[in-house]
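Open the structure in your viewer and keep the selection tool at hand. We will go stop by stop.

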Amino acid sequence: MMVDTQVRPSDVTKFPIIDAMLSVPREAFVPSNLREAAYIGENLDIGDGRVLLEPRTLAKMLDALDVQPDHVALDIGCGLGYSTAVLAHLCEFVVAIEDDEARAEEAQAQLSSQSIDNAAVMAGSLAEGSKKSGPYDIIILQGAVQEVPDALIAQLREGGRIACVFAEGALGVVRIGRKLDGVMNWRFSFNAGAPVLPGFEKKTVFAL
């Protein structure tokens, strides 16, 4: 029902994405007290100011990224691992970063329980990513940003793509960035909203 009422009507028709979202039980990757709400068509609050992005937003981001089977992906702010599980169905390997160590451990345990062995969850700063495992073909952020840190852009392979929600006042827009000659080129994809991830706030510059 989630796929038929939220994903397909949003013009996401690529079979690998549809198949991945049909295959991954979303309720296995949310806090136990929220399992009955796992499939609602809005962001799901998982605590500490973090959300599980609504299915439509995740699906459209994956569609715009054009994930391929030989890609290595970096999943920033994976929560309890749902986005990582979906990505693992689409690409060769996924490195996921979560800034809460207990949440990272639970995400890895849930992925293992679903027999997903081409993904690894690491605890660490979301804004710093995981340089040692890069460079990446795809980077996706499970929350909004005011700006994307240079540290993440440096981990993107030449020709690689980033998808994230840019917070603009009370609203937000998803943009896809492509790295060409070391420079990010951003284009508008669609409208969506999410809380800003920690470490992705715009730096304030003071002038005398």
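This tour visits a helix, a residue in a strand and the cavities of a predicted model.

**Stop 1: helix H2**

Select residues 15-23. This is helix H2. Which of its residues are buried? Colour Ile17, Ile18, Ala20 and Met21: these are the buried ones. Now look down the axis of H2. The buried residues fall within an arc of 165°, so they line one face of the helix. Here is the general rule behind such patterns. An α-helix has 3.6 residues a turn, so residues three or four places apart point the same way.

Turn to the other side of H2. Select Phe15 and Leu22; both are exposed there.

What covers the buried residues of H2? Show helix H1 (2-7), helix H3 (55-65) and helix H4 (82-90), which are included in that cover.

**Stop 2: Glu98**

Next, select residues 93-98. They form strand S4, and Glu98 is found in it. Is Glu98 buried or exposed? Its relative accessibility is 0%, so Glu98 counts as buried.

The side chain of Glu98 makes a polar contact with the side chain of Arg103, at 3.3 Å.

Now bring up other residues that Glu98 touches. Beyond four places away in sequence, they include Arg50, Gly77, Cys78 and Gly79. Val121, Met122, Ala123 and Gly124 are also among them.

**Stop 3: the largest cavity**

How many cavities of 30 Å³ or more does the structure hold? There are 2. The largest has a volume of about 60 Å³.

Gly77, Cys78 and Gly79, which touch Glu98, also line this cavity. Colour the lining by residue type. You will find 7 nonpolar residues, 4 polar and no charged.

**Stop 4: the second largest cavity**

By type, the lining of the second largest cavity has 4 nonpolar residues, 3 polar and 1 charged.

Note on methods
Residues numbered from 1 in each chain as written. Predicted model: local features only at pLDDT ≥ 70, side-chain atom pairs only at ≥ 80, totals over all residues. Heavy atoms only, no water. Helix = DSSP H or I, 4+ residues; strand = E, 2+ residues; numbered from the N terminus. Buried < 20%, exposed > 50% of the residue type's maximum accessible area, 1.4 Å probe, protein only. Polar contact = N/O pair within 3.5 Å; in protein donor to acceptor, adjacent residues only side chain to side chain. Contact = heavy atoms within 4.5 Å. Arc of directions from axis to C-beta. 1 Å grid on protein atoms, 1.4 Å probe; cavity = no way out; pocket = protein on both sides within 12 Å on 5 of 7 lines; lining within 4 Å. Points joined across faces, edges and corners; volume = space filled by probe spheres on them. Nonpolar A, V, L, I, M, F, W, Y, C, P; charged D, E, K, R; others polar.
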